[in-house]
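Student: Could we look at this protein together? I would like to understand how its parts pack.

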Amino acid sequence: MWWGGRGQSFNIAPQKEEPEMGSVQGRAMPEPRSRQLGSCLASGCLTGEQILAWAPGVRKGLEPELSGTLICSNLRVTFQPYGWQRSQETPLSSEYDFSLANIGRLEAVNGLSRVQLLRPGSLLKFVPEEILIHGRDFRLLRVGFEAGGLEPQAFQVTMAIVQARAQSGQIQKYAGLTLSKAGQSPGSRKPPIPLLEISEDWETERKKQRARGWRVSTVNERFDIATSLPRYFWVPNRTLDSEVRRAFGHFHQGRGPRLTWHHPGGSDLLRCGGFYTASDPNKEDIRAVETMLQAGHSDVVLVDTMDELPSLADVQLAHLRLRALCLPDSSVAEDKWLSALEGTRWLDYVRSCLRKASDISVLVTSRVRSVVLQERGDRDFNGLLSSLVQLLSSPEARTLLGFQSLVQREWVAAGHPFLTRLGGTGASEEAPVFLLFLDCVWQLLQQFPAEFEFSEFFLLALHDSVRVPDTLTFLTDTPWERGKQSGQFNTYTQVYTAAYSQPPAGNSINPQLSVWDWDLRYSNEQILQFHNPGYNPEHCPDSWLPRQQPSFMVPGPPTSVWLFCRGTLTPLNQLCPWRDGPSLLTVSSRWLPRLAISSESLADQEWGLPSHWGACPLPSGLLLPGYLGPQIRLWRRCYLRGRPDIQVGLSAPTIAGLQNELSHLQELLRKWTPRIPPEDHSKKRDPNTILNPTEIAGSLMGWGESGLG
């Protein structure tokens, strides 16, 4: 998905001779031919990029197959079709490039049965006729090499990929890449959305949410409270920064309660880390903590975020199983495929997240209260649930700009450890929580297609961007790391983290690009596909709720404190675990009672008797998704991209694409027509007749509706 730059030429490194081996022994590498590199030389690359090897080949798995050149550099692998040139207006490619970090599996093939799995540092044992590059984003690059004396090039480009992956894993750190559009200086490019790196951005967002009882705190401006927190965040107006500093010290990793979203009806959604029960706060600190959790409300609900949600290890294992199942060469028989999909547990975890987010949306929307999401680290599922709650409750978050701002605030600025969770550090805490979130959003898009301004193709672009090291958005673990690597901080050095004790050199801010600069990787035509043609523009963000407190939202009882866990509300005697007497917050959730309550029954409990729904529909703007059985489906366009046969029949983004798919389906029907048994001749129809969608779906064997999208 990346790379290229205007006004720069490729630096072609000399082809290094490989050890003599097998059938390539004694053969010299042919000199590069400028005609074969053609468009690659003309388009250029990033500063510091070098071509390590190249070979002519044919990209397979497409109809028709594409002839071109497979090129390996120290940053990427790209297949460039003959006659194709990178657009000067789109210097980064989203279609033909695989970053080295995105390569999950590399295979070399010779003949029908000779296959070698190539890991970083491996030695290739034969001249490959074909290589398969499996992306960690589920993409597949399959290239067959031409014969006729070019076998050494096929060998060398394959070995170059192996060696480049090894060097990338050992020494290449994702520092991000500063680029500028043609004709623009770096400082002249305005971010597409506020990046929340300055206090003015937070103040603008606060006013946009009309959170009048909150203010922007600068207590973490030097990151001396927590490097994982943003420099600025929202706290109650009545709370002093000195109280914030003391209160945050009693939470895990210093991540105390902060506002994440203010509901127009009056409720507040907060997030925080777990209580640091080993601390010994004084009465003033306890009072400050309680004030921040209550946020001016008499009704407070503490949500045990991890209750009934998968662990990080569960998410990682499910994703690995899903990726293995979706490989083109998966050994699972077709009639066992759906059972194997269920066995990955991935869809179960999607279902759990949507169910819990629906419950929390009801809590936020039904009464004026403070709802606090509490997770020990406050950096994974708090962000997932907070984002889903806003998508379910706020039409503004379902717009294209609103959703990008949501991700920037709840994931990037909030300190989600992207680099670790996506496997960039080699640590054991890898778990694609953000990709699980994107799958949840896709499910909502399928169930409520007219409610979202963005399309499936935008979600795919965002899904793929996490593996592309061209910006720092997803390539750091904390806001401090992101600011340090971008050269943003230049006026102070005091940070209580040993690994980052020295500030970067320089006296000016280096404006890094963000993932939201889509025009660096996508053409204007592709960006147009980010918009959902079925979106109803009447869902205006400014009219979805009255500014005054609506009648369906009523104040809670005075000084009521609840714990939401195991699908039910349990009353608490106190907010903090340090008060005298027992507190349910210090009791493991597995000891709490379990009531089988769905989102609908929780809504009944919050708004009144079941008969109440007959007279009063859901509050305007609130979505409650289904999550039972086949309502949760497989994101085929994402996970089965390595299987082009499965992609046939999915909705195309353009009219021309739909016409092509329709023609292909009609051709399949013509081929199947002779297979109709004699007794069914009476039902035989003209092959040119267009079937309705139900009939077509019934004709496409092997992929039913159960669990598939």
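**Packing in the protein chain**

Tutor: Happy to! Keep in mind that this is a predicted model. The protein chain exposes about 31000 Å², and carbon and sulfur atoms supply 51% of that area.

Student: How many helices and strands does the protein chain have, and what share of its residues is buried?

Tutor: The secondary structure comes to 21 helices and 19 strands. Of the 709 residues, the buried ones make up 55%.

Student: How are the axes of helix α4 and helix α5 oriented to each other?

Tutor: Helix α4 covers residues 241-248 and helix α5 covers residues 283-294; their axes come within 9 Å and cross at roughly 100°. Angles of 65 to 115 degrees count as roughly perpendicular. Therefore α4 is, relative to α5, roughly perpendicular.

Student: What kinds of residues form the contact of α4 with α5?

Tutor: On the α4 side are Glu243, Val244, Arg246, Ala247 and Phe248, and they meet Glu284, Asp285, Ala288, Val289 and Met292 in α5. By class, the contact holds six nonpolar, no polar and four charged residues.

Student: Which geometry do the rings of tryptophan 346 and tyrosine 639 adopt?

Tutor: Both tryptophan 346 and tyrosine 639 are buried. Their ring centres are 6.5 Å apart and their planes stand at 90°, so the pair is edge-to-face.

Student: How far apart in sequence are the parts that phenylalanine 458 and phenylalanine 530 tie together?

Tutor: These two form an edge-to-face aromatic pair, 5.6 Å centre to centre with 70° between the planes. Phenylalanine 458 lies in helix α13 and phenylalanine 530 in the loop between α15 and β17, so the parts tied together are apart in sequence by 72 residues.

Definitions and conventions
Residues are numbered from 1 along each chain as its sequence is written. This is a predicted model: local features need pLDDT of at least 70, side-chain atom pairs count only at pLDDT 80 or more; totals for chains, interfaces and linings use all residues. Side-chain values use heavy atoms; hydrogens and water are left out. Helices (H or I, at least four residues) and strands (E, at least two) are DSSP runs, numbered from the N terminus. Buried means under 20% relative accessible area, exposed over 50%, partly exposed in between (1.4 Å probe, protein chains only). Accessible areas come from the Shrake-Rupley method with a 1.4 Å probe; for residues, only the protein chains shown count as cover. Axes are lines fitted to C-alpha atoms, for helices over the stretch in contact, and angles run from 0 to 180 degrees between N-to-C directions. Angles under 35 degrees count as roughly parallel, over 145 as roughly antiparallel, 65 to 115 as roughly perpendicular and the rest as oblique. Contact means heavy atoms within 4.5 Å. Ala, Val, Leu, Ile, Met, Phe, Trp, Tyr, Cys and Pro count as nonpolar, Asp, Glu, Lys and Arg as charged, and the others, Gly among them, as polar. Rings of Phe, Tyr and Trp (its six-membered ring) pair if their centres lie within 6.5 Å; planes under 30 degrees apart count as stacked, over 60 as edge-to-face and the rest as tilted.
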